[in-house]
Amino acid sequence: MKNLLDCDRGEKVKVSKLNAEYDLKQRLISFGIMKDAELEVLAEAPRKKTIEIKVGKMRLALRSQEAEQIEVKEI
Amino acid sequence: MKEDNEKIVCPVMDKHIKVALVGQPNVGKSMLINSVSNAHLHVGNFSGVTVDKTEVFFDYKDYKFTVVDLPGTYAFTDYTIEEKVTHSYLCAEEYDIIINVMDSTNLEKNLQLTSELLTMSKKLVIALNMSDEADKEGIEVNAQYMSELLNIPCVKVSAAAKTGIEELIETVVKKFEGEKQEPKLIFSEAVEEEIEKIVSYLQKHKYKAVNSYRNIAINLLKENKKTYEKLHEEPLWTELQPLLVEASKHIELHHNTDDIKEAFAEEYAAFNRGIVAEVVKQTTAKSEAKTLTEKIDALLIHPIFGIPIFLFFMWSLFQLTFTLGNIPMDWISAFFTWLGTTIAPTISNDDIRSLVVDGIIGGVGAVVLFVPNIIILFIGIALLETTGYMSRVAFLLDGFFHKFGLHGQSFIPLVTGFGCSIPAYMSARILKNDRDRLLTLFIIGFMSCGARLPVYVLFTGAFFAQSMAGNVLFGIYISGAILGLIFAKILKITAFKGVDEPFVMEMPKYRLPSLKLIWHTVLTQTIMYLKKAGTFIAGAAMMIWFLSNYPHNANLDKVYNAKIEKSVSVKQKVLLENQLAEAQLGKSYLGRLGKLTEPLVAPLGFDWKMNVALQAGLAAKEVVVSTLGVLYSMGGNVDEKSKSLANNIRQNIPFASAVAFIIVIMLYLPCLAATTVFAKEAGSWKYAFYLFVFTSVVAYAFAFIGYRVTLMLM
């Protein structure tokens, strides 16, 4: 299974599942990261510790540990 | 007291409207209040500026408005403190109407919160803010159609361009006077079916309720706590419960999840997508060309250049603080000297003259001297906040901070700490996890606040050439920050062990800083500083003057005056006068206190004067400079050249002792006011005591090392 951290910069994907535990899941949902949401990877911090993604029109920063818990598929 | 007075002044017949202002972060809520009421709130461009709710009052026609600005929140998951504050206010407090502020350029995301607001069953008005920005981006929102679709009045406004404000207030008044209307919210067929089942069940049993059956049904399905508790008491619950369980199962099955909240989030998202598709038109074909924010980000958060650019900005800020800030310093210094020499002859009593000239004018003058430096630093921090760059830095640094057991968002309170520890302690609330927050709170003090700047400027100015002073200043700040990080790591693996808080943060669009906003932020902070100088510090300066002048030893006067009369050269006379002043100081209350504790600080190379200044600094760092001003001005009254405090310090304090002194200033307790706030934010005075012990031990140890090393190198 592919997760968000595996994606390259500029790649556009669709969320297929959130593997996060309850708190983080609610948090992600409140930012619009849920099943079928389209995400685009915009940038990476040094050594991919943090990534910047686009959800709808919002730019969001995620730590690599969190990005790993978002299962995605190609559009 | 004040509230009581207001109640008496307010006639009862006036119509009051209490508005709760709700919106996601970065939608310009505070700015909207600013343009509505001309109030001066602090508006920032990173998540978490409005942590406490703020109330603003203004009149419109016959109405008295109270607007409660609630902290920006993405949803009501009670994840962060902002969310908790807003959620509990909306559920528990009395208010008439909600204004839901939205960013017109990002409706789909903003509507997510709106769908949650609908469950409150309160009167609601939507303010489509930033409509000017939407126009520029070619986004056309049909507010009329949107109002019809949602059955909620939607008004286009722009807080920045001040358009639509009047219409918004009019709409609020109209809505306030009118009947409450059920908003339209349509779910997928599967969910609607289940809602219908519950509604018809409630109808069958003629359940009495204030809210509509539909609203109750939705809340039950969403597992809304309050609705649950209420229905739980009712006799019909026994039959209703199995119905609910089955309904939830169906919905979960439909969404292929085991989490009903996730299912509803998806429902709302689908509904919102539908609304946006209907009412939003992108007029100018959105080309693939990069937006301005993307272009700027390509450089500022570049994996290689990002951090050096950030460091360069910081370095420039400190350079500017020193070089530009030094220009008006000479004028201010000249002004206070002039004031002293003009006032002195008008006071005949020797003691009072000394109190006014040396005590008050000298003490306050020494503090006011640093206003230009502080203004520049505040402008820099305000710029960081309002442009949106702060979030980028958090993004760049999270990986780095995480290594030290901190959170990328710890960066925000830590940088604020360079301005003043008090707002820094308060902004640490953006960290949800208690351990992370405590850890950040404990090391904020290592980020040197604006009040310590005068001490640094004084000492670096005294011991280094003008061209080097800026670099030394930068070095002081950086080494404080590095020590803070090291201690964060140590605390993380000892006192605050545990799981890390996730890092999910919005990166707002870059915005040109509004001059008005920066002006207000800087002005309020500077006035706060000057107020402190005028009241607290003037008081402290007077007290220190008193303690350093009494008891006056007449005997010493006699002995020295006799010697002075006999002296032949001017040079010898000056020397003797200085010795007299020094001896008198030594016999004063302050001198005794300083000397009593001198053995304690002797290993750091401090004399009793430095010791006293540091102890006074526990109350406030500004007092350190004014104390030094009082203590070191006494000996040099005669010689014109030695009048400046910096010169006096260079002549009286050995370099190694000065280094140790700066280290203590860098590391020990910020000030009394900040410590109080710290205790409040940390949740207990116990932590304030820990902080005192922790910082004192660290300061002492490092000052000792600094002193010894400098002695060896010299």
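Strand 5 of chain A and strand 9 (residues 504–506) of chain B run antiparallel, joined by three bridges. Strands pair if DSSP finds at least two bridges between them. In strand 9 of chain B, B:Glu506 stands opposite A:Leu60.

This is a predicted model; local features need pLDDT of at least 70, side-chain atom pairs count only at pLDDT 80 or more, and totals for chains, interfaces and linings use all residues. Residues are numbered from 1 along each chain as its sequence is written, while chains are lettered from A and ligands numbered from 1 in the order in which they are written.

**The interface.** In contact are 29 residues of chain A and 29 residues of chain B. Contact means that the C-beta atoms, placed from the backbone, lie within 7 Å. Four elements of chain A give two or more residues to the side that touches chain B, as tabulated here.

| Element of chain A | Residues |
|---|---|
| helix 1 | 22–30 |
| strand 3 | 38–44 |
| strand 4 | 50–55 |
| strand 5 | 58–63 |

Helices (H or I, at least four residues) and strands (E, at least two) are DSSP runs, numbered from the N terminus. Helix 1 of chain A gives the largest share, eight residues.

**A site in chain B.** B:Ile381 sits in helix 16 (residues 371–387) of chain B. B:Ile381 counts as buried because 22 other C-beta atoms lie within 10 Å; the cut-off for buried is 20 or more. Leaving aside neighbours within four places in sequence, B:Ile381 is in contact with B:Val415, B:Thr416, B:Phe418 and B:Gly419. B:Val522 is 141 residues from B:Ile381 in sequence, but 9.4 Å away in space, C-alpha to C-alpha.

Key: Two residues are in contact if their C-beta atoms, placed from the backbone, lie within 7 Å. A residue is buried if 20 or more other C-beta atoms lie within 10 Å of its own, exposed if 12 or fewer, and partly exposed in between; C-beta atoms are placed from the backbone.
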